[in-house]
Amino acid sequence: MKPGPNELQRYDDRERLYHWVTALLLLAAACSGMALFHPSLFFLTIFTGGGAWTRILHPFIGVATALVFLFLYLRVHNENKMAEHDKAWSQKMGELLRGNKEAMPPVGKYNPGQKRLFWVISISLAVLLITGFLMWRPYFAASFPIDLVRVALVLHAIAAVVMVLSIIVHVYAAIWVKGTLSAMTRGTVTKAWAKRNHALWHREMTQGK
Amino acid sequence: MAGTNPQNVVARSATTTPSSQVRSSPEVAKLIDESKCIGCKACQVACMNWNDLRDEVGHNVGVYDNPADLTPNSWTVMKFFEVEPTAGNLEWLIRKDGCMHCDDPGCLKACPAPGAIVKYDNGIVDFISENCIGCGYCVAGCPFDVPRISKKDNKAYKCTLCSDRVGVGLEPACVKTCPTGAIGFGTKEDMVIYGEKRALELQERGFKNAGLYNPQGVGGTHVMYVLKHADRPELEGLPKDPSISPLVSLWKGIAKPLAVAGMIGAVVAGFLHYMKVGPIEEKEDA
């Protein structure tokens, strides 16, 4: 979709596709995984065909999630490296949370909060993938020493909780900062939104590099 | 028990409310007296006979152990150990391996499937196979390396302590068949007294370190051994001070409620933040 005169292209078709496929797979992985984590969430197995089917499907869903996210990762990881001007923004993060948007220094395409979240999600997913293989029955778990499997079980649970918390923050941020959602749905944002939230990126996009 | 209405379930996997437990019966235990065991494997045969299990014919691995280890079809296995507890003093120790029926069962703690593992008030820990999902968490939870996952149906299997026999007032099949009386069965209380008495006898006869193996790290067990070298159970493949791995305790203990509270807390925090601070509006001034 071509951006209108008052809009900027933020994500192309592929990036949006990768994002939403990752999101759906992650939702399925989180539901099926959390079902096996706490008894109060076992009811979630109904979405994946009961207990045994949940055990069978969860690892495959997880691998698919990691695979699709990898495509997204390759497209956006360079833009998520911390920059010099991010320091000032990070120091004022408390102001932002108190609603004092005007106090925030300008940032590029991603602010340091978004960048940190990106890396937390990337690392969590890597941990989930590796530890997932170590505990995957009936295919892999039996070939690893039991103590390693136990470490994997704990790390898998910790990484999963970190991941869910990160996604909650991610979703809330999209609701909190108005005008954000269209970036991922239609691929475009208004110039006003860009100038207000990502001034350096706005300048780059409107005045050339 | 099996096939009847189980109203004596004192612990049930992945269940947060009490299970039906109005009935009560005394705690039972099996006592395996190693000093009386002749390694005939009649208990193995009785186990497969009563439970209708037939393992594959395996291979001789150079020792008497056959099969070499517990399998989904062999819930008890005689294990033979050639050891020198003191230098130059060879001893042939024989131990009947199988589920220990822990008072604090690690398998049950780890199991995510409601009702796939239960503990009855008589102390027997049973796998309710129709609820088993095949995840293998019980394998990680067990301090004795007992549960085995079947390749045929992806269900976990282990000794039931013949819960179906005990439930109707019979002793386990292995106890019934043992030709030397090396396997005893009765109330836990009686078996502890008997085992300690037997250990004293052995001490008088020269086995200075004879003793009862009823490890307290798992709350005691409902399968106990009289060992000739109770100070060194590792001589015959038993952990010295078994307990549920701290990793498993963390994972299926404090981490569980903490994580759920954290996730709910994050969503609530989001709502409160939106109510108090409000959104960052998009300004039309570009």
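The following paragraphs lead through a predicted model of a complex, beginning with chain A and then turning to chain B.

Residues are numbered from 1 along each chain as its sequence is written, while chains are lettered from A and ligands numbered from 1 in the order of writing. Because the model is predicted, local features need pLDDT of at least 70 and side-chain atom pairs count only at pLDDT 80 or more, whereas totals for chains, interfaces and linings use all residues. For the complex, the predictor gives an ipTM of 0.93 and a pTM of 0.94.

Chain A contains nine helices and two strands, where helices (H or I, at least four residues) and strands (E, at least two) are DSSP runs numbered from the N terminus. Along the sequence, their pattern is β-α-α-α-α-α-α-α-β-α-α. The C-alpha atoms of chain A fill a box of roughly 60 × 35 × 30 Å along the principal axes. Of its 209 residues, 34% count as buried, that is, with 20 or more other C-beta atoms within 10 Å of their own, these atoms being placed from the backbone.

Chain B has a mean pLDDT of 95, and 98% of its residues reach 70 or more; pLDDT is the predictor's confidence in each residue, from 0 to 100. In chain B, three strands form an open antiparallel sheet in the order β1-β5-β6. Strands β1 (9-12) and β6 (125-127) of chain B stand at the edges with a single partner strand each, so one side of each is left without a neighbour in the sheet. Strand β5 (residues 117-120) of chain B pairs with β6(B) over three bridges, pairing requiring at least two bridges found by DSSP. B:Val118 has B:Asp126 in β6(B) as its bridge partner.

Definitions and conventions
A residue is buried if 20 or more other C-beta atoms lie within 10 Å of its own, exposed if 12 or fewer, and partly exposed in between; C-beta atoms are placed from the backbone.
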